[in-house]
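Welcome! Let us take a friendly walk through this structure, one part at a time.

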2 protein chains.
Amino acid sequence: MQTEQTEVQDVLAFADKTRSDYEKTLKAFVDLASVSMEPERRPEIDATAEMGAKLLKSMGAAAEVVKTAGYPVVVGEFHRGSQYPTVTVYNHLDVQPALASEWNSPPFDMQIENGVYRGRGTTDDKGPALAVLNAAHYAHNQGLPVNIKFIWELEEEIGSPSFDQFLKDNLGKLSTSSVVVSDTIWVSRERPAIPYGLRGLQAVLIRLKTGVKDVHSGTTGGLARNPIGEMAQLLNSIYDARTGEVKIPGFYDKVKPVDQDELDNFVASGFTVANFKCAHELTHTRTEDARDGARRIWAHPTFEVHGITGGYAGPGVKTIVPYQCEAKVSMRLVPDQDPEATFNLLKEFVEKQGDFQVLKEGSLKPFLGEFRGEFADAAKAAMQAAFGVEPAFTREGGSIGAVVSMQERLDVPITFLGLSLPEHGYHAINENFDWQQARGGMAMFVEYFKRLSTIK
Amino acid sequence: MQTEQTEVQDVLAFADKTRSDYEKTLKAFVDLASVSMEPERRPEIDATAEMGAKLLKSMGAAAEVVKTAGYPVVVGEFHRGSQYPTVTVYNHLDVQPALASEWNSPPFDMQIENGVYRGRGTTDDKGPALAVLNAAHYAHNQGLPVNIKFIWELEEEIGSPSFDQFLKDNLGKLSTSSVVVSDTIWVSRERPAIPYGLRGLQAVLIRLKTGVKDVHSGTTGGLARNPIGEMAQLLNSIYDARTGEVKIPGFYDKVKPVDQDELDNFVASGFTVANFKCAHELTHTRTEDARDGARRIWAHPTFEVHGITGGYAGPGVKTIVPYQCEAKVSMRLVPDQDPEATFNLLKEFVEKQGDFQVLKEGSLKPFLGEFRGEFADAAKAAMQAAFGVEPAFTREGGSIGAVVSMQERLDVPITFLGLSLPEHGYHAINENFDWQQARGGMAMFVEYFKRLSTIK
C-alpha cells in the first residue's frame, strides 16, 4: 500500500505540473460546439474529430478518424506490445445543445474560475475524456505493460445510430481484453460510484382511430366512441400508475432478482429520495424509501406514458369528440428482459382489448456487468486509491446504446469509471467540471491501467 | 280539413309568386359575411342587423336594432292588438366561418341552382329566418289575430355571450305568450322532426402536477410519478369509455326517465345508426341499435374527454416523464341534472383520489319542452299540413344557451320548428338551403300562427 500511495502521489504531482496544459486543451475542445443534434454543426463535429486525432498523435499514440454513415469516430492507441493485455477507453466528444441566453456564461467559450470549468461538454464528456487520456499518456510513458486503445464517439447524444456498424466494420483494429467507459455520474461527491448495469428500452406507439375528423360532442356524444377515453382505459389496464406495477401477464417473468448486496450498495452510494427529488425538481415520488427508490430506478422495469395526442390541445375546453388518439409509451427493461419479447407481450395484451394499433419504435437491450470479480475489484481499488473513499456499486436507470453494441460486438468485460458529479449539470444549463475530479481521475485511471496489466 | 288544405294551397301560391323576392333578399343577407367568430367582421354584423331592421320596416313591422355589450340584436313586431296572443320568433343572422378555398362555390356570393341556394348561412339560419318572416308578413296581412315578434340574434355561433343580459334589459318589450325557435335540423328529409329537448353542459379542467419540468425516463422512471398515467387511471375511474357509463356515485340520480313513447318517437324520426355514422364520418359507434343510439345522444348524459395535454406531443416517442397533465373534459346533462350540482359531484369524486385540481369551465342547463299539449299539437298539425307527413318528436344532443336564457327570462312555452335538413351541411363546407324547404316552411308557419291565435 505504501508503494501504491507513493504512485498516486506521483501521478497527482504530474497532474498538477501539467494542469495548465489540461485546461488549455479542454478549452480548445469545449470551444468547438460539437452539437450532434444540430446538423449545421457538422463542421465543428469534424473539427473536433481532427483535433482529437491530432492530440493523440502529439502524445505519441497512433490515431485515425474513421468515417461512418453518420459522424466519424476517433480511434487511437498507446501500443506496448501484442503480448500484453489491451484496455479500450470509450468516451464521446459530441455534446448536448445549449441556448446561450439561458446560461450564466457562454456555453462554447469555456471559463475557468477557481478550478471550475464552465461550458457545454466540460463534464459530458470532454473533461473526463481528456483526464483518461492524460492518465494513459502517463502510464504509457512509465512503460506500463498494457496497450491502451481509445474510441471517441461523436454521435452519443443522438443515440449512436452509426456506432454498431462502425464496430462491425472495424472489428480487426478494435480487438481488446476489456472496455472502460468514462461517461457516468456519481450519486454524490462524497461517495464515488461505479455503475455496472443499464436499463434497456422498448418504445411503442399505440393508436386508436374511430372516425376521420373531430365531431361535436353535443350532436354525437354518447353514441360516438371516444378514443382518448378508451386509451385511458387501456393504459389503466396495462399498469397501475400510482404504484408503477405493470399488469401485463408475464412482464416480470424474465426479471433477474436483485441481490440484497446490490440493494445495500445502492443505498451506500449516498442515494436518498430527498436528493433525487431535489436534483430532478420533483414534488412527489412513488416512494420516500431510499432502498425501494434506488431499486425502482436502477433495477426494476417500468411502463411509462410520455404523451397522449389527439383531440383538443388548446387553452380551455373545446367540446369535441376526438376521432383518433396516440399514446407515446415506453418500457424500461432490466436483465434478462428482451425488448422484442416484451414488445410482443404488450402487443398481444393490447390487441386483445380492441382495435388498437401497436407500433414498435426504438429499442435497446439492458446491460448488466459485474460488481464482483477482478475487473470490478480493480475499478474499486483504483477509485479508493485516488479518491480515498471506497466506491459504491450502483446501476444506471438509463440506456446507452453504444455499451450494448460493444458488449455484443467485442464480447469482453465492460467497466464504468465516471468522473461526473450531480452538481456538474449533465445535459443541463451551466454545465461544468472541476479540477478536483479531473486530477483524481488521472490518478484513478493510472491505478486502474496498472491493475489491468496484471489481469490475463 | 278542406279549408285548411285550401289555405295551405293559398300560402304556397303566394310563396311561389314571391319566390324571386325571397331569393333576392336571401342573397343580400348571405352575401354579407356576418361571421361572429371573426372580430374583423363587425361591419358585416352591423350591416346585417341594419338590413334586418330595414326589411322588417319595409313589410310594415316595427323594428329596431338593440345594442348589447357584444353584437346587436334585431327586434321587430307585426302588432295586431294587445288583446291577442303574442308569439316570438327566434332566429339568428350570424354565421359560421367559411374558408373559400374549401368550397365548391363562393361562400359569401350566394349561388342559385335548380332551387338550391349555396352559401354560408343559407340554412343556418338566414334561409329559415326569411321563410318565417314571409309567413308572418302573409299572416299579418290576412288579419290573423296574433302579434308576431322577432328576435334575431347576431352572436349565436359564439355561444350567445350577451343574450341573457339583452333579455334582462329588454323584458318590457319582449313580453310574449310563447316562443318558436327556427334553428334546428330534421333527422331525414322524409320525416319532419320537432325537437323538444336540449342537453346541458358542464365543462371541466382536471390538472395534476408532480414536478416543474419534464425529466428523463431513464434516470427517473419508476420512482418519479407519471401524471399522464395517473390521469388515465382517474378517467377510467370516472367512466367506462367503452360503454360510456359514468361511475361517479349519484351522477344519474336526477336523470328524468325517458318515456317509451319518447323512444318510439326518436326512432320514428328516421334516425338510424348507419345514417348517423355516415353523417359524422364515424367508423365505429358504441351501439348499432337505433333506439339505444337515439337515446344516447338525445336523452342520456355523458362524460367526454376532449383532450389530454402535458408530456411529449411531437412525432414518434420522446422518453420523458411528464411533470404535469391536464384533461379537458365535459359532461352533457339531461333534465333534471343541474350543472353546478353535477360539477360538485365530480369534484368531490376526483379530489378523493389524489392531488388533482378540478376547475369549472363553461356550463349550460339542459332544456326540456313538451311533446304533448296544445303548442306541441299546433306544431305537429302545422308541419303535417305543410309537408304532408306527420313529424316525429325528437330531442337535440347539443346545448343552445339562448334557449335556456329565454326559458328562464320569458317563462313561456318554447317550440322548435326547424327547416334544415342533414344534407344542408350545417356548420360544414358547401352549406346550402332549398326552395322546397323554404316554401313548405312558409305554409307551416302560417298554419302555426293561425293555430296559436286560438290558444289563450
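## Two helices in chain B

In this predicted model, helix α2 of chain B (residues 19-30) meets helix α4 of chain B (residues 122-141), with axes that come within 10 Å and cross at roughly 140 degrees. That angle makes α2(B) oblique to α4(B). The crossing of α2(B) past α4(B) is right-handed.

Which residues bring the two helices together? From α2(B) come B:Tyr22, B:Thr25, B:Leu26, B:Phe29 and B:Val30, and they meet B:Thr122, B:Lys126, B:Gly127, B:Leu130 and B:Asn134 of α4(B). Sorted by class, the contact of α2(B) with α4(B) has 5 nonpolar, 4 polar and 1 charged residues.

Now turn to chain A. Helix α2 of chain A (residues 19-30) packs with helix α4 of chain A (residues 122-141) at an angle of about 140 degrees, and their axes are 10 Å apart. With such an angle, α2(A) is oblique to α4(A). Here α2(A) and α4(A) make a right-handed crossing.

On the α2(A) side, the contact is made by A:Tyr22, A:Thr25, A:Leu26, A:Phe29 and A:Val30, while α4(A) brings A:Thr122, A:Lys126, A:Gly127, A:Leu130 and A:Asn134. By class, this contact of α2(A) with α4(A) has 5 nonpolar, 4 polar and 1 charged residues.

## Another partner for α4(A)

Helix α4(A) also packs with helix α14 of chain A (residues 435-452), at an angle of about 45 degrees and with the axes 8 Å apart. The two helices, α4(A) and α14(A), are therefore oblique to each other. In passing α14(A), α4(A) makes a right-handed crossing.

What does each helix bring to this contact? The residues in α4(A) include A:Gly127, A:Pro128, A:Ala131, A:Val132 and A:Tyr138, and among those they meet in α14(A) are A:Met442, A:Phe445, A:Val446 and A:Phe449. By class, the contact of α4(A) with α14(A) has 12 nonpolar, 3 polar and 1 charged residues.

How do β8 and β16 of chain A run beside each other, parallel or antiparallel? Strand β8(A), residues 193-198, and β16(A) run parallel, joined by 4 bridges. To find one place where they pair, look for A:Ala193, whose bridge partner in β16(A) is A:Ala392.

Finally, step back to see both chains. In chain A, 68 residues are in contact with 68 residues of chain B. By class, the side of chain A that touches chain B has 23 nonpolar, 32 polar and 13 charged residues.

Key:
Residues numbered from 1 in each chain as written. Chains lettered and ligands numbered in written order. Predicted model: local features only at pLDDT ≥ 70, side-chain atom pairs only at ≥ 80, totals over all residues. Contact = placed C-beta atoms within 7 Å. Nonpolar A, V, L, I, M, F, W, Y, C, P; charged D, E, K, R; others polar. Axes fitted to C-alpha atoms, helices over the stretch in contact; angles between N-to-C directions. Parallel < 35°, antiparallel > 145°, perpendicular 65-115°, else oblique. Left-handed = near helix turned anticlockwise from the far one by under 90°. Pairing = 2+ DSSP bridges.
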